[in-house]
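Subject: Structure handover

Dear colleague,

I am handing over the structure that follows, together with a description of what was found in it. Please read the notes below with the structure open beside them.

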Amino acid sequence: MKGGERARAAGDWLSADDLHWFNEGTHLDLHEKLGARRRVVGGQSGFQFSVWAPAALGLSVVGDWNEWDAEADALAPLGRSGIWHAFVPELAVGQRYKFRLRPFGGGPPIDKADPFALYAEVAPQTASILWALDYDWHDGDWMRERGRRQADTAPISIYEVHLGSWRRAKEGRIPSYREIAVPLAEHARAMGFTHVELLPVMEHPFYGSWGYQITGFFAPTSRYGTPQDFMYLIDVLHQHGLGVILDWVPSHFVSDAHGLGRFDGTALYEHADSRQGFHPDWNTYIFNYGRHEVQSFLLSSAFHWLDRYHIDGLRVDAVASMLYLDYSRKEGEWIPNRYGGRENLEAIEFLRRLNDAIDERHPDVRTYAEESTAWPGVSRPRSQGGLGFGTKWDMGWMHDTLRHFARDPIHRRYHHRELSFRLVYAFHERFVLPLSHDEVVHGKGSLIGRMPGDAWRRLANLRLLYGYMFGQPGKKLLFMGAELGQEREWNHDTELDWGLLERADHEGLRRWLVDLNRLHAEEPALHERDFDPGGFEWVGFEDDEYGTLSFLRWPAEGGPPVLVACNFVPAVLRNVRIGVPWEGDWEEVLNGDAREYGGSGQGNLGRIEATPVPAYRRPASLVVTLPPLAAVFFRPCRPRA
């Protein structure tokens, strides 16, 4: 193919509409157009190369096939679009490549990885790899059903996983996507979780960043295998009835030389002014959301994972750092918006555009915001002035709850409001209750390590924490190792301490979590109205003398409620009167102090009668035994046969 033919072939790849949407910031499918994409032109198979570098003085693609010679395969500018392009025939999947640019302002040529690469070398190598995404999916049943299974009224219990440290492969090496697929799916399903959330799998140079400092926004990390291997993992999880949520990081990107930073010799993806474009905490660049082409890049990254990888949800990391111009900055270290405020108006518009676009194209996909402030309306639609996320992590609940559980039980009664305050705001957003990886790193220790007392009390406190969590309104999230009672802080370089399950008390904790997930899924009262204030009713939350809480969860359409009673002190409390809405027998359906879970076996013998004695403004009441450091779940007995 002659040079002129190659130029014409490249020129018909990007339409006028593509360029318009790209420049407008509304292109959702740049992953189909930019980067290196396989195509056939004039009967010849090859790869189409397209890269945005408007300030570059010259650009070529170098790789294995041309011995990294910058003179061999030059790219031509596509009009005034800022995009350089070329079709190169006779290339094969698996060959390595980079873009070599003569940067704006002169200086030596620089080699950059492809921003839209589908696959990359294993770090510390940095070349992109020519690839295609052919895959035969077998998850049709899940894809047809996921709208129902991800609805606001559905039970959602999320198992958060870091693939490299969940379980190691032979000789202690990190597992491949294919090696981990079936064991992870079987474990998560057996535990009763509905979803698996993966810490970022996008390509990243530093393993110790856990994937949060990204170079490849369109490539699953090659540490665990190929893109098809990753598709297989998702496929297997779906076939086991598990949704897949990806951590996605549009808030910042790494400053490594081969990445997006000063891509064409200018601040292309980031702001030029470090007060806007550099994150002091993470030593990373911040995306310039005011640049429409950057919005198209990020939107296309999101839709790449949703469209090509069948992802069911995106958890957007560090949303607060996007919303506030002064995030983690002192006075004088940030630039106000055009109104003099601290809100990042361009980031707000980007997040709204992202959520609107997902709602339109994939209404059965959920988005999750990790947002740590009181920003109003994170999970309200744009039409109501919100950001449009499906759900928001309840960081306030997490902090207050863990602070309370860390206290010696003798002091807890003086801090009852740490537990009851949450219901002041619990329905202002659609919340997920997270006990995530962030709570078991950076010197915080493990969850069980925060619990006071001896070994028995620490495990009892942990069972109580999980029981209290599953009783509360909101979707649920637990980081891997929660089911084991992991005793040491999470370490990304080693697998979880699975041997703990050989101990009866830790195996009891695992069984407790299985039964909580089961009850959560089976009882409509515990999930149908997670976001509806009518689904929650306090029974007793002012009983700070004894350190107990009790509340009712109500399902939709007037079904029977579930009563949750929690004892936060290590003493058996007998003859505790709890008001209920009607008389008759109530069943003790779960008791965190049962011996099978490692408890002391205190309880109510499985059934108790509500008598017509008013209590707590209700016409009837139960007189119950509340076991030490335990959550107990009751429900009205179904009519006897």
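This is a predicted model: local features need pLDDT of at least 70, side-chain atom pairs count only at pLDDT 80 or more; totals for chains, interfaces and linings use all residues.

Strand β20 spans residues 475-479, and five of its five residues are buried, which leaves the strand mostly covered.

The partners of this strand come next. Strand β9 (residues 157-161) pairs with β20 in the parallel sense through four bridges, and Ser 157 has Lys 476 as its bridge partner in β20. Strand β19 (residues 431-435) likewise pairs with β20 in the parallel sense over four bridges, with Lys 476 of β20 as the bridge partner of Leu 433.

Another buried strand is β12 (residues 216-220), where five of the five residues are buried, so the strand is largely enclosed by the rest of the structure. Strand β11 (residues 202-203) runs antiparallel to β12 and is joined to it by two bridges, and the bridge partner of Met 202 in β12 is Pro 220.

Elsewhere you will find an open sheet of four strands, in the order β1-β2-β5-β4, whose pairing is antiparallel. At its edges stand β1 (35-41) and β4 (76-77), each of which has a single partner strand, so one side of each is left without a neighbour in the sheet. Within this sheet, strand β2 (residues 44-52) pairs with strand β5 (residues 83-89) in the antiparallel sense over seven bridges, and Gln 48 has Phe 87 as its bridge partner in β5.

As for the whole, the protein chain holds 17 helices and 28 strands. Its radius of gyration is 27 Å, close to the 26 Å that the globule rule gives for 641 residues, so the chain is as compact as a globular protein of that length. The C-alpha trace spans about 90 × 55 × 45 Å along its principal axes, and buried residues account for 60% of the 641 residues. Of the contacts between residues at least 6 apart in sequence, 72% join residues at least 24 apart.

Finally, the protein chain exposes about 24400 Å², of which carbon and sulfur atoms supply 49%, while the mean positions of its 70 positive and 88 negative charges lie 2 Å apart.

With best regards

Definitions and conventions: Residues are numbered from 1 along each chain as its sequence is written. Side-chain values use heavy atoms; hydrogens and water are left out. Two strands pair if DSSP finds at least two bridges between them. The radius of gyration is taken over C-alpha atoms; the globule rule is 2.2 Å times the number of residues to the power 0.38. Buried means under 20% relative accessible area, exposed over 50%, partly exposed in between (1.4 Å probe, protein chains only). Contact means heavy atoms within 4.5 Å. Accessible areas come from the Shrake-Rupley method with a 1.4 Å probe; for residues, only the protein chains shown count as cover. Lys and Arg count as positive and Asp and Glu as negative; His and the chain ends are not counted. The place of a charge is taken as NZ of Lys, CZ of Arg, CG of Asp or CD of Glu.
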